[in-house]
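Try each task before reading its solution.

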Amino acid sequence: MSVALNGVPTKEELKRVTPPEEVLAKKPVVMVECFQNIPCDPCAANCPFGAILPFADINDLPLVDYEKCTGCGICIASCPGLAIFVLDMNYSAREALIKVPYEMMPLPKKGQMVSGLDRQGCKVAEVMVQKVTRTKNKTSIISIVVPKELAQIIRNIRVEDAVNGR
Amino acid sequence: MRIQEHPILHFKPGKKVSFIFEGKKMEGYLDEPIAAALVAAGIKVLSYSRKLKRPRGFFCAIGNCSSCLMKVNGIPNVRTCITRLEEGMIIERQC
Amino acid sequence: MKEYDIIVVGGGPAGLAAATTAAKCNANILLVDDGLQLGGQLIKQTHKFFGSTEQFAGIRGIDIAHNFIDEISHLSNIEILTQSTATGFFEDGVLTILEGYNGNRLSKVKPRRLIIATGASENMLSFINNDLPGVYGAGAVQTLMNVYGVIPGRAVLMVGAGNIGLIVSYQLLQAGIEVKAIVEALPCIGGYWVHASKIRRLGIPIYTRCTLKEVKGKEEVESVTICNIDDKFNFIPGSERELSVDTICLAVGLSPLAELLWQAGCEMAYIPELCGYVAKRDENMKTSLDHIYIAGDVAGIEEASSAMVEGQIAGLNAAASLGLYHEKYRELNLAFHRQLLQLRHNEVSESITRGIKKATL
């Protein structure tokens, strides 16, 4: 299977877009899960630090200069494909902080426990919402605290809603 | 049924109006397409085909497919997906 | 009879772009649309657009539509006619339009140039009970949900993993509607992979080499049988599964709505890469008839971003052909053509580029 066959990237595909170990050990940075050459460049156009390098061709895949990336997450809401995440591996001794884009209802609240989902939408852990950032373009950015070993697994959340049963 | 809350959109429905569908009084919003008001009210069958009397529903929403043709205020073959709902309209299935 | 420099038929992304661009060249314009409001399919696109800043990348389609409509309201040389269907264009240069309650008023107008931007219609698929209420075009469901806030059903099977199938599935979830699965007859995802990944992260399965075989129900859809298919698109016996759904969304492609162009007598060609019969055109979107231009899906099924650029090209050049040159005509025309090239400079667009080559006069 691969991202082209079923929308779920393989380990090899992910390897190509995973920030280097030494960078992750040092500071929060983006992980851009964009694998296809399509005409789209808002991530580069919106990065305030020039960390997502300007595109020579609008169909290029994003290239990140990790030196410049601060993990601010502005690109998360700019990405039309919701393919950008921020990983902070130094949140605590055992936990990482992940920022994920979110456009569903209901919006979680700070401190709330939600389901952490993997790239196939399967629940892998209960995770805590550390912050909810609403943006002007209505893509919210949810910061979640996850066990370090799940930082490369969890990419979405589900707010369990007793009323609607979802 | 109607969407109550939405992460991106905010719906500002028009004035509530009532209309008659197959002799039954129903409610919808002014200026929405007749077919949308019917679907919201749980009505899926909008007409029956002429020959085999097969049920017909909404299909294209752009006035192109003729699946939603109904009799409105006595006029047959009204494209209800692109005709606005008005107060007191009399809407009937045609067959 | 009222005369106009340019009449634009269709108020979607291509038509809006054509009308605004031509208006800036001082042409007087009539924009005719059969919908309840301007915007075509833009008004229901809740996702952020791809492309570059020039094509409003990162902005949601619905906001692009509002920006256009706002811009048009400030352009005094564009007249707008909604809920009006252009029905024919005749040898004497007359365009007939049906207006009013269910099209009971016929009016005639005379354009010096005509820009046809009538878009596309959704394709049907043959399967048992495909006419039952509850079998809807995916675009139609999008209209019900995103324009009118109406919930079309409770549980949906999406047929087709192209961009429309993927995007509408996501939007169904945003509206709180369950999507049971997406089935796709081809061996891989046809739409942008990022859209597919988004859907997968929400737990929705995408079954490739799989299609729907039969819908069951009396007066409306009650369930659906899906089935795997082999390389030759034959059902694989024994692989049937039944899903309990009340709605089937068909996202199995679009066909150009080219009736007006046929009727007007433009040279037409069947071009599979462009998804059907299209008018042959030159690089400035002029058809075989000097006074008729085309733009958007009617010229070949593609994305809204390229439809808007085609609209700009058609608007700019239709005006120029009347001697109404934009002060930066040359510069703008070059820029628009460059943008189109960029938008198509990728693997996904290879077949479109091939099709356009065949369609070019």
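**Exercise 1.** In this predicted model, find which residues of strand S13 (residues 223-228) of chain C lie on the covered face and which on the uncovered one. Then work out how S13(C) pairs with strand S12 (residues 210-216) of chain C and with strand S14 (residues 241-243) of chain C.

*Solution.* 
1. Sort the residues of S13(C): C:Val224, C:Ile226 and C:Asn228 make up the covered face, while C:Ser223, C:Thr225 and C:Cys227 make up the uncovered one.
2. Turn to S12(C), which runs antiparallel to S13(C) and is joined to it by six bridges. Here C:Ser223 has C:Lys216 opposite it.
3. Follow the chain between these two strands: they form a hairpin with six residues between them, and C:Gly217 in the turn has a positive phi of about 155 degrees.
4. Finish with S14(C), whose pairing with S13(C) is also antiparallel, over three bridges. C:Glu242 of S14(C) stands opposite C:Thr225.

**Exercise 2.** Describe how helix H7 (residues 304-320) of chain C and helix H8 (residues 329-343) of chain C cross.

*Solution.* 
1. Take the axes: they come within 10 Å and cross at roughly 155 degrees.
2. Angles over 145 degrees count as roughly antiparallel, so that is how H7(C) and H8(C) are related.
3. List the contact residues, which include C:Val309, C:Ile313 and C:Leu316 of H7(C) and C:Leu332, C:Phe336 and C:Leu340 of H8(C).
4. Classify the contact residues: nine are nonpolar, six polar and none charged.

Conventions: Residues numbered from 1 in each chain as written. Chains lettered and ligands numbered in written order. Predicted model: local features only at pLDDT ≥ 70, side-chain atom pairs only at ≥ 80, totals over all residues. Buried ≥ 20, exposed ≤ 12 C-beta atoms within 10 Å, placed from the backbone. Helix = DSSP H or I, 4+ residues; strand = E, 2+ residues; numbered from the N terminus. Pairing = 2+ DSSP bridges. Axes fitted to C-alpha atoms, helices over the stretch in contact; angles between N-to-C directions. Parallel < 35°, antiparallel > 145°, perpendicular 65-115°, else oblique. Contact = placed C-beta atoms within 7 Å. Nonpolar A, V, L, I, M, F, W, Y, C, P; charged D, E, K, R; others polar.
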